[in-house]
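Please keep the sequence and the coordinates in view while reading.

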Amino acid sequence: MKTSRIAKAAMLAVSISLAAPLAFAQNITTVNGKPVPRARVDAMLEQILKQQQPGQPPQAKTPELEQRVKDEIVLREIMVQEAERLGLQRGKEYQTQMEFARQAILFRSLFMEFEKKNKPTDAEVRAEYDKYKASKGDKEYRARHILVEKEDEAKALIAQLKGGAKFEDLAKKNSKDPGSAENGGDLDWANPGNYVPEFSQALTKLEKGQTTDTPVKSQFGYHIIKLEDTRAAQFPAFEEVKGQLAQNMMQQKLANYRKELKKAAKTDYKFTDE
């Protein structure tokens with residue numbers, strides 16, 4: 001009987017000694033006797049590696065990065081323990097910030113879950129691309145214009161053009177459009193849809209080299225428009241813009257999801273954007 005108890009105690013000691021390395025592996029250290037889980041390091045590393053800056057190569061998981069994260073995790077544990085020792089977790093500020101944090105995490109998680117289930121398919125993105133191309137038309141225009149404030153000014157300039165004055169010279173001297181005046185009124189190649197409707201309608205009626213005979217009024221003033229040339233519309237290849245289109249479509253889906261949730265909610269609150 002006595003031998004049996006000794007054997008059991010020995011087996012228990014061996015079990016504890018074997019389990020200790022495993023338990024230690026799950027923690028990176030202890031602070032004032034409290035374990036610091038390895039899972040915290042892994043979670044922070046994952047977040048850092050996800051936060052790729054635009055135009056920058058993906059960050060690699062290196063021993064140096066892992067060490068910096070460990071330092072930060074342990075330092076946070078030290079600070080948190082001190083804050084708790086002072087009882088700050090019972091303060092109103094802590095409770096308020098914790099509620100904000102809880103809401104932010106759930107808000108983000110909700111949208112991430114929606115994104116997982118509603119990513120645009122390749123077919124949907126292709127359809128959006130074709131729709132965009134169709135809306136832009138098959139022709140681009142290169143135009144010049146002179147923008148003035150009053151109709152009489154525009155008529156006087158048209159008379160000068162008919163008398164042989166150079167469009168570029170009059171644009172540099174008289175146009176109120178700072179973006180094109182210095183270049184003789186040149187607007188470069190553009191789709192007519194990029195302009196206000198009045199300008200676009202007048203432009204597309206012109207023949208190559210022709211100038212409007214009458215001033216074109218818009219919200220900006222009075223325009224005199226000259227069509228330099230036309231060409232087939234230039235569009236980026238589908239593969240070049242596929243990612244951006246998919247992102248835009250996802251953002252629109254999320255916006256619609258928000259609207260649906262607001263509409264379905266039972267509340268008498270009136271939002272300012274309604």
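Leu49 is partly exposed, because its relative accessible area is 30%, a value that falls between the limits of 20% for buried and 50% for exposed. The model in which this value was computed is a predicted one, and Leu49 has its place there in helix α2, which covers residues 38-50. Once its neighbours within four places in sequence are left aside, Leu49 is in contact with Gln59, Ala60, Lys61 and Leu65. For Lys61, which is twelve residues away from Leu49 along the chain, the separation between the two C-alpha atoms is 7.4 Å.

With that residue as a point of entry, the overall architecture can be set out. The secondary structure of the protein consists of nine helices and six strands, and buried residues account for 25% of its 274 residues. Of the contacts between residues at least 6 apart in sequence, 64% join residues that are at least 24 apart.

Lys133 belongs to helix α5 and, with a relative accessible area of 32%, is partly exposed.

Helix α5, residues 122-136, also packs against helix α9, residues 238-264, at an angle of about 100° and with the two axes 9 Å apart. Angles from 65 to 115 degrees count as roughly perpendicular, and α5 and α9 are therefore described as roughly perpendicular to each other. On the α5 side the contact is made by Asp122, Glu124, Val125, Arg126, Glu128 and Tyr129, and on the α9 side by Phe238, Val241, Lys242, Leu245, Ala246, Met249 and Lys253. Sorted by class, the residues of this contact are seven nonpolar and six charged, with no polar residue among them.

How do the axes of α6 and α7 cross? The axes of helix α6, residues 151-162, and of α7 come within 10 Å and cross at roughly 155°, which makes α6 roughly antiparallel to α7, because angles over 145 degrees are counted in that way. The crossing in which α6 passes α7 is right-handed. Leu157, Gln160 and Leu161 of α6 meet Phe167, Leu170 and Asn174 of α7, and the residues of this contact divide into four nonpolar and two polar, with no charged residue.

Is Ser175 buried or exposed? Its relative accessible area is 11%, so Ser175 is buried. The side chain of Ser175 reaches the backbone nitrogen of Leu147 at 3.2 Å, and a polar atom of that side chain lies 3.3 Å from the backbone nitrogen of Asp177. Apart from neighbours within four places in sequence, Ser175 is in contact with His145, Ile146, Leu147, Leu170 and Ala181. Leu170 in this list is also one of the α7 residues that meet α6.

Strand β3 holds Glu140, which counts as buried because its relative accessibility is 12%. The residues in contact with Glu140, neighbours within four places again left aside, are Trp189, Ala190, Asp229, Thr230, Arg231, Ala232, Ala233 and Gln234. Strand β3, residues 139-148, is also among the elements that cover the buried residues of α8, as are β4, β5 (216-218) and β6 (221-232). Those buried residues of α8, a helix of residues 197-204, are Phe199, Ser200, Ala202 and Leu203.

Two backbone angles remain to be considered. Most residues other than glycine have a negative phi. Asp188, which lies in strand β4, has instead a positive phi, near 65°, and its relative accessibility of 40% makes Asp188 partly exposed. Asn32, found in the loop between β1 (27-31) and β2 (34-37), likewise has a positive phi, in this case near 55°, and with a relative accessibility of 73% Asn32 counts as exposed.

Terms used: Residues are numbered from 1 along each chain as its sequence is written. This is a predicted model: local features need pLDDT of at least 70, side-chain atom pairs count only at pLDDT 80 or more; totals for chains, interfaces and linings use all residues. Side-chain values use heavy atoms; hydrogens and water are left out. Buried means under 20% relative accessible area, exposed over 50%, partly exposed in between (1.4 Å probe, protein chains only). A polar contact is a pair of N or O atoms within 3.5 Å; within protein, one must be able to donate a hydrogen and the other to accept it, and residues adjacent in sequence count only if both atoms are side-chain atoms. Contact means heavy atoms within 4.5 Å. Helices (H or I, at least four residues) and strands (E, at least two) are DSSP runs, numbered from the N terminus. Axes are lines fitted to C-alpha atoms, for helices over the stretch in contact, and angles run from 0 to 180 degrees between N-to-C directions. Angles under 35 degrees count as roughly parallel, over 145 as roughly antiparallel, 65 to 115 as roughly perpendicular and the rest as oblique. A crossing is left-handed if the near helix is turned anticlockwise from the far one by less than a right angle, and right-handed if clockwise. Ala, Val, Leu, Ile, Met, Phe, Trp, Tyr, Cys and Pro count as nonpolar, Asp, Glu, Lys and Arg as charged, and the others, Gly among them, as polar.
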